[in-house]
Amino acid sequence: MERSAAEKPFKPVKLCSYHFCPLSLFHPVTIIYDLNYGETEAKLVEARRLLHHRLALPSDRPMLRVANALKFNEVDPISSRSLEAKRLVDVHIGSAGSGVAGGQTSLVEGSYEYYHYLQDHLDDDGWGCAYRSLQTIISWFRLQQYTNVPVPSHREIQETLVSIGDKDPSFIGSREWIGAIELSFVLDKLLGVTCKILNVRSGAEMPDKCRELAMHFTTQGSPVMIGGGVLAYTLLGIDYNEFTGESSFLILDPHYTGGEDLKTIRAGGWCGWKRAISSTGQEFFLRNKFYNLLLPQRPSTV
Amino acid sequence: MSGGKVSFKVTLTSDPKLPYKVFSVPEEAPFTAVLKFAAEEFKVPPQTSAIITNDGVGINPQQSAGNVFLKHGSDLRLIPRDRVGSSSS
């Protein structure tokens with residue numbers, strides 16, 4: 001506290017104490033943070049790194065961020081902005097099998113919230129699917145305790161893109177489409193998260209990416225956004241047989257316009273396994289379109 | 001330090017032959033200029049193109065070329081931007 005006051009004698013400090021009990025410690029600790037600094041400020045990262053070192057905590061994952069703090073009075077730890085029904089989480093659990101014989105399944109690790117069209121009284125039908133996929137991804141980072149930055153609204157996403165210079169100010173309040181590149185910029189700016197982008201020249205080549213996607217789910221475990229052929233999807237898993245080449249993609253579809261009802265979502269195929277080529281020969285990924293896959297990386301940071 | 005130049009090798013990944021071009025720009029030049037030159041050389045629209053590193057990390061072009069060179073090196077790729085939004089029927 002003295003250090004904060006000494007460094008910025010004329011700036012009011014916003015000190016707040018948080019309690020933590022990481023698994024490797026036998027007792028809780030209390031840390032006092034100056035909330036004037038955002039979580040990704042280099043100064044706070046260094047302070048946390050020193051604390052990790054003093055407490056003999058691993059240095060490659062967040063354990064002492066505000067998001068990791070013990071919560072005592074909160075009933076709902078997931079801060080959802082929905083005024084009505086609570087958002088559904090992990091809707092893929094319990095869904096029917098992929099149908100790939102002898103396949104190797106790799107799935108998203110941890111929890112996420114299902115964001116889709118028309119939630120929060122916002123009519124984004126026809127333009128907001130990439131925004132919704134981004135919200136699902138950010139909810140994953142929140143639920144895995146990497147951040148407590150609130151899931152941004154469509155407007156806040158647009159404001160972020162304008163603030164970094166990627167879009168003109170007229171973009172705010174518009175219904176303009178965005179894609180994987182914009183998602184990577186917002187994740188970098190708001191959460192400090194790096195993303196890898198896989199460019200796939202043709203939808204017919206998507207099955208060739210299964211090995212890389214399986215590696216992503218195994219090592220990173222974060223949801224993937226697929227952008228291409230005018231549609232955005234969130235990818236939650238891969239099942240593929242490397243010998244037969246059969247592949248299936250666990251897709252969470254942000255274009256759903258119904259209510260928060262798991263039965264309806266499952267019955268309508270809004271979350272489920274999609275074969276690259278269906279039994280009727282229909283392609284899920286179009287061969288004459290390119291696709292960009294956004295693979296958010298877990299920050300190796302404290 | 002000013003007056004120095006940095007070079008980038010930009011590969012067009014949408015072409016299976018993987019053509020590339022090498023650009024040399026002043027360090028202080030905005031990276032948007034590299035994106036624009038690369039897109040024009042490859043005859044693709046700059047507004048719907050993006051540059052990523054060889055590892056696939058996206059690069060925000062609103063920074064200096066020198067900054068990009070230091071952070072990401074010189075081996076880059078030009079990819080088309082997807083813009084998605086239509087509701088599926």
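Guide: Buried means under 20% relative accessible area, exposed means over 50%, and partly exposed is what lies in between. Keep that scale at hand. The model is predicted.

Visitor: Why is Glu109(A) called partly exposed?

Guide: Its relative accessible area is 44%. That value falls between 20% and 50%, so Glu109(A) is partly exposed.

Visitor: What makes the pair Glu109(A) and Arg298(A) a salt bridge?

Guide: The cut-off is 4 Å from a side-chain nitrogen of Lys or Arg to a carboxyl oxygen of Asp or Glu. Here N and O are 3.3 Å apart. The value is within the cut-off, so the pair counts as a salt bridge. Glu109(A) sits in the loop between β3 and α3 of chain A, and Arg298(A) in the segment after β9 (291-296). The two are 189 residues apart, and the pair links distant parts of the chain.

Visitor: Which class does Arg298(A) fall into?

Guide: Partly exposed, because its relative accessibility is 24%.

Visitor: What makes Arg87(A) and Glu113(A) a salt bridge?

Guide: The closest N and O atoms are 4.0 Å apart. The rule asks for within 4 Å, so the pair is counted. Glu113(A) is in the loop between β3 (104-107) and α3 (129-143) of chain A. Arg87(A) is in the loop between α2 (42-54) and β3, with 26 residues separating the pair. Both Glu113(A) and Arg87(A) are buried. They also belong to a salt-bridge network with Asp120(A), Asp124(A) and Arg132(A).

Visitor: Are Cys16(A) and Cys271(A) buried, partly exposed or exposed?

Guide: Cys16(A) has 28% relative accessibility, so Cys16(A) is partly exposed. Cys271(A) has 3%, which is under 20%, so Cys271(A) is buried.

Visitor: Why is Ser222(A) called buried?

Guide: Its relative accessible area is 0%. The limit is under 20%, so Ser222(A) is buried. Ser222(A) lies in the loop between α6 (210-219) and β5 (224-228) of chain A. Leaving aside residues up to four places away in sequence, Ser222(A) touches Val108(A), Trp140(A), His216(A), Phe217(A) and Pro296(A). A polar atom of the Ser222(A) side chain is 2.5 Å from the backbone oxygen of Pro296(A).

Visitor: What makes the Glu246(A) and Arg275(A) side chains a polar contact?

Guide: The pair of N or O atoms must be within 3.5 Å. The distance here is 2.9 Å, and the two side chains count as a polar contact. Glu246(A) is in the loop between β6 (231-240) and β7 (247-252) of chain A. Its relative accessibility is 26%, so Glu246(A) is partly exposed.

Visitor: What separates Glu246(A) from Val200(A)?

Guide: They are 46 residues apart in sequence and 18 Å apart in space, C-alpha to C-alpha.

Visitor: How do you know what area chain B and chain A bury between them?

Guide: Buried area is the accessible area that both sides lose on being put together. For these chains the sum is about 2,200 Å², with 56% of it on carbon and sulfur atoms. In chain B, Arg81(B), Asp82(B) and Val84(B) lose the most, together 28% of what that side buries. Contact joins 25 residues of chain B to 35 residues of chain A.

Visitor: What makes Arg81(B) and Asp166(A) a salt bridge?

Guide: N to O is 2.7 Å. That is within 4 Å, so the pair qualifies. Three salt bridges are counted between the chains. There are also 10 residue pairs in polar contact. On the chain B side, β3 (49-53) and β4 (75-80) each supply at least two residues. That side divides into 10 nonpolar, 10 polar and five charged residues.

Key
Residues numbered from 1 in each chain as written. Chains lettered and ligands numbered in written order. Predicted model: local features only at pLDDT ≥ 70, side-chain atom pairs only at ≥ 80, totals over all residues. Heavy atoms only, no water. Contact = heavy atoms within 4.5 Å. Buried area = accessible area lost by both parts, 1.4 Å probe. Polar contact = N/O pair within 3.5 Å; in protein donor to acceptor, adjacent residues only side chain to side chain. Helix = DSSP H or I, 4+ residues; strand = E, 2+ residues; numbered from the N terminus. Nonpolar A, V, L, I, M, F, W, Y, C, P; charged D, E, K, R; others polar. Buried < 20%, exposed > 50% of the residue type's maximum accessible area, 1.4 Å probe, protein only.
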